[in-house]
Amino acid sequence: MGQFCRAVFLDADHKLIGYLEPKIRFLRRAWIGDDFVQGVERLLTVPTRVVWADQQVGKQTCLYDTAASVAPLVAPQHGFIGRYILNHDKRTYVDKATVRQGDDRHRIHPLPMLTAEGTDCADGDAALVGTWSGDRISMSATVPTGFELLQYDMVAN
């Protein structure tokens with residue numbers, strides 16, 4: 001526990017596009033408004049497969065290590081950050097504005113938790129963790145017709 005997690009981007013055929021170097025260890029500490037997560041959001045202007053991959057110490061090969069075979073991406077410092085996280089494969093979305101605050105007044109960002117590759121990276125075993133891993137995700141200011149709201153209710157302890 002406590003290892004870093006890379007935000008890995010894949011193309012339509014699940015081949016590596018690139019990754020962002022990790023800045024956070026536990027994804028439960030990836031808050032809405034976090035600079036690193038916002039950088040990931042800015043890269044999701046079109047549907048792209050995303051996985052927050054952990055180091056998975058002891059495994060032969062894992063996406064975290066494989067990602068290092070391609071050039072790291074550089075997250076834009078400025079650009080569009082949408083209110084809605086869209087999953088184009090499942091035709092669902094999360095409204096970041098409805099994410100509840102925990103006792104510490106932080107709101108856990110849905111993107112890393114939903115796209116996590118394993119509970120070690122997510123620091124938890126919540127039912128939604130990893131359910132969008134590898135799916136085509138984008139950020140949007142609007143919700144397309146036919147998409148259903150996913151209730152995301154993870155809160156910081």
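Predicted model: local features only at pLDDT ≥ 70, side-chain atom pairs only at ≥ 80, totals over all residues.
A nonpolar core here is a set of buried Ala, Val, Leu, Ile, Met, Phe, Trp, Tyr and Cys residues joined through side-chain atoms within 4.5 Å, and buried means under 20% relative accessible area, exposed over 50%, and partly exposed in between, with a 1.4 Å probe and protein chains only. In soluble globular proteins, nonpolar side chains tend to be buried together.

Residues are numbered from 1 along each chain as its sequence is written, and side-chain values use heavy atoms, with hydrogens and water left out.

**The chain as a whole.** I looked up the secondary structure and found four helices and eight strands in the protein chain, in the order β-β-α-β-α-β-β-α-β-α-β-β along the sequence. Helices (H or I, at least four residues) and strands (E, at least two) are DSSP runs, numbered from the N terminus. Of the 157 residues in the protein chain, 48% are buried. The protein chain exposes about 7,800 Å², of which carbon and sulfur atoms supply 48%; the areas come from the Shrake-Rupley method with a 1.4 Å probe, and for residues only the protein chains shown count as cover. Taking contacts between residues at least 6 apart in sequence, I noted that 71% join residues at least 24 apart, where contact means heavy atoms within 4.5 Å.

**Rings.** How many aromatic pairs does a search of the whole structure find? It finds two, with rings of Phe, Tyr and Trp (its six-membered ring) paired if their centres lie within 6.5 Å, and planes under 30 degrees apart counted as stacked, over 60 as edge-to-face and the rest as tilted. Phe36 is buried at 11% relative accessibility, and Trp52 is buried at 0%. The other pair, Tyr84 and Tyr93, is also edge-to-face, with 5.7 Å centre to centre and 80° between the planes, and both of these tyrosines are buried. I also noted that Arg6 lies over the face of Tyr64, at 4.1 Å from the ring centre; the test asks for NZ of Lys or CZ of Arg within 6 Å of the ring centre and within 35 degrees of the ring normal.

**Glu41.** Is Glu41 buried or exposed? At 2% relative accessibility, Glu41 counts as buried, and Glu41 is found in helix α1. Its side chain makes a polar contact with the side chain of Lys96 at 2.6 Å, a polar contact being a pair of N or O atoms within 3.5 Å; within protein, one must be able to donate a hydrogen and the other to accept it, and residues adjacent in sequence count only if both atoms are side-chain atoms. Leaving aside neighbours within four places in sequence, Glu41 is in contact with residues including Phe80, His109, Leu111 and Met139.

**Thr115.** I found Thr115 in the loop between α3 and β6 (116-117), where Thr115 is buried at 0% relative accessibility. The side chain of Thr115 reaches the backbone oxygen of Leu111 at 2.7 Å. The C-alpha atoms of Thr115 and Gly130 are separated by 4.7 Å, although the two are 15 residues apart along the chain.

**Positive phi.** His14, in the loop between β1 and β2 (16-20), has phi near 65°, a positive value in a residue other than glycine, and is partly exposed at 48%.
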